[in-house]
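Please consult the sequence and the coordinates as each point is raised.

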Amino acid sequence: MGLRDDLERYREVGENRRQDLAEFIQYGDMGGSRQDSVRIPIKIVDLPEFEYDQRDMGGVGQGDGDTPQPGEPVGEPEDGDEDGDPGEEGGEHEYYEMDPEEFAEELDEELGLDLDPKGKQVVEETEGDFTDITRTGPTSTLDFERLFKQGLKRKLAMDFDRGYVREALKVDGWGPETVFEWARTDENLPVSRPWVEEAYAEIPDDEKTKWASLEEMEANVERVDTAQRIRREGVDQIPFRREDERFRYPEIVEEREKNVVVVNIRDVSGSMRQKKRELVERTFTPLDWYLQGKYDNAEFVYIAHDAEAWEVEREDFFGIRSGGGTRISSAYDLAAEVLEEEYPWSEWNRYVFAAGDSENSSNDTEERVIPMMEEIPANLHAYVETQPSGNAINATHAEEVERHFRGSDNVAVAYVSGPEDVTTAIYEILSTEEEADE
């Protein structure tokens, strides 16, 4: 066994590692990896080593006395040698850590891709005034006016006439379930099921039949809208959140190349159960690693939505689940706002990735989402449908988007019904971007 055989073994090592990478993306536990470090389990026990033989007998350094036959694995146990307690030899299940740049190279090799970033370059040469904003900084530079506005907008979006809903709970024959459906569907009120149940439990039994019908209640109870209530009562509490904080800092001399912002959008409505959420994570996480490895400067924005949308941190993105309905356009409205304020198209490459089970409120895809996708400039828009059991009857969002943008060079639609579809979906998305660059 000579040098040619050992070089072939090294090539096999590379092929095995790429195979390990593909299996990791489809079935592996991604929890051990970080945003800047990818931890891939590998099956290789020992790498081959070269050793000069003073006797010049053609042996190799890891031989066991007999001359190995061509093609025989070097340094691995023969059949029947694998008995024993798991892990007693300390090398049967190792991990290989790679940074996102190396991950991107390996994925390019595995999928036959070679995405070339556009590489926009921006040079800023001003400094002095506190005119820029960032997500972190000292408390003294907190932009409180912006924080207050964001909190007030959330307050207005979450507010509703609680007294009016409590009266609905007093309609004869109505309970928490009926009132919740009425409030969310008919009245479009942002009420939660736990609040309705708690409010119902506080009503005395003799008052739960106060109104003979909803019509009688509506005729006798005045509904007060949010604006009237705030003018009359004022605002006693603003729901500030850490993700709303922005800090001002002075402009500095800075040169940035190949900047990219990736907006990840995920449906967190009640229909997005665990298997669907896992498929979203299994598809989005490698895409994040890949683009981070391809660009010099990569930033990520995570948006969750049901009927409304809000920005979240990366560590919370894949675990959130809501009980609300679905309005995908709310996420694109927020994405457009974030991109316009913080990532202007003239300075940033943009990727907008959305995922869900393709269920959406009536006409929202055609009337709101598709126009928003056309209006938001981006290198690539993508939607990933996750339906483990196949398409649901009302899961039409992906099909509508695909039909409208058929033949487009910056919109991709992928379908994932199980882990085995993930690499195909990633290829579909990234190859669309590759074609757009050519």
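Q: Which exposed residues are carried by the face of α5 turned away from its buried side?
A: This is a predicted model, in which local features need pLDDT of at least 70 and side-chain atom pairs count only at pLDDT 80 or more, while totals for chains, interfaces and linings use all residues. Residues are numbered from 1 along each chain as its sequence is written, and side-chain values use heavy atoms, with hydrogens and water left out. Helices (H or I, at least four residues) and strands (E, at least two) are DSSP runs numbered from the N terminus, and buried means under 20% relative accessible area, exposed over 50%, partly exposed in between (1.4 Å probe, protein chains only). On the face of α5 turned away from its buried side, the exposed residues are T185 and D186.

Q: Around the axis of α5, how wide an arc do the buried residues cover?
A: V179, F180, W182 and A183 are buried in α5. They lie on the same side of this helix, because the arc they cover around the axis (taken from the directions from the helix axis to the C-beta atoms) is only 165°.

Q: Which helices are included in what covers the buried residues of α5?
A: The buried residues in question are V179, F180, W182 and A183. With contact meaning heavy atoms within 4.5 Å, their cover includes α4 (162–168), α6 and α7 (214–220).

Q: How many residues apart are E177 and R193?
A: E177 and R193 form a salt bridge (a side-chain nitrogen of Lys or Arg within 4 Å of a carboxyl oxygen of Asp or Glu), with the closest N and O atoms 2.6 Å apart. The pair links distant parts of the chain, E177 lying in helix α5 (residues 176–186) and R193 in helix α6 (residues 193–202), at a separation of 16 residues.

Q: Which residues are linked with E167 and K170 in a network of salt bridges?
A: E167 and K170 form a salt bridge whose closest N and O atoms are 3.1 Å apart, and both residues are buried. The network that links them also contains E207 and K210.

Q: Which strands stand at the edges of the open sheet of six strands?
A: The sheet has the order β9-β8-β7-β10-β11-β12, with mixed pairing; two strands pair if DSSP finds at least two bridges between them. Each edge strand has a single partner, so one side of each is left without a neighbour in the sheet; these strands are β9 (309–312) and β12 (411–416).

Q: Which residue of β12 is the bridge partner of T386?
A: β11 and β12 run parallel and are joined by six bridges. Five of the six residues of β12 are buried, so this strand is largely enclosed by the rest of the structure. The bridge partner of T386 in β12 is V416.

Q: At about what angle does helix α9 run to β7?
A: Helix α9 (residues 274–294) lies across β7 (259–267), β8 (297–305), β10, β11 and β12. Axes are lines fitted to C-alpha atoms, for helices over the stretch in contact, and angles run from 0 to 180 degrees between N-to-C directions. On that basis, α9 runs to β7 at about 180°.
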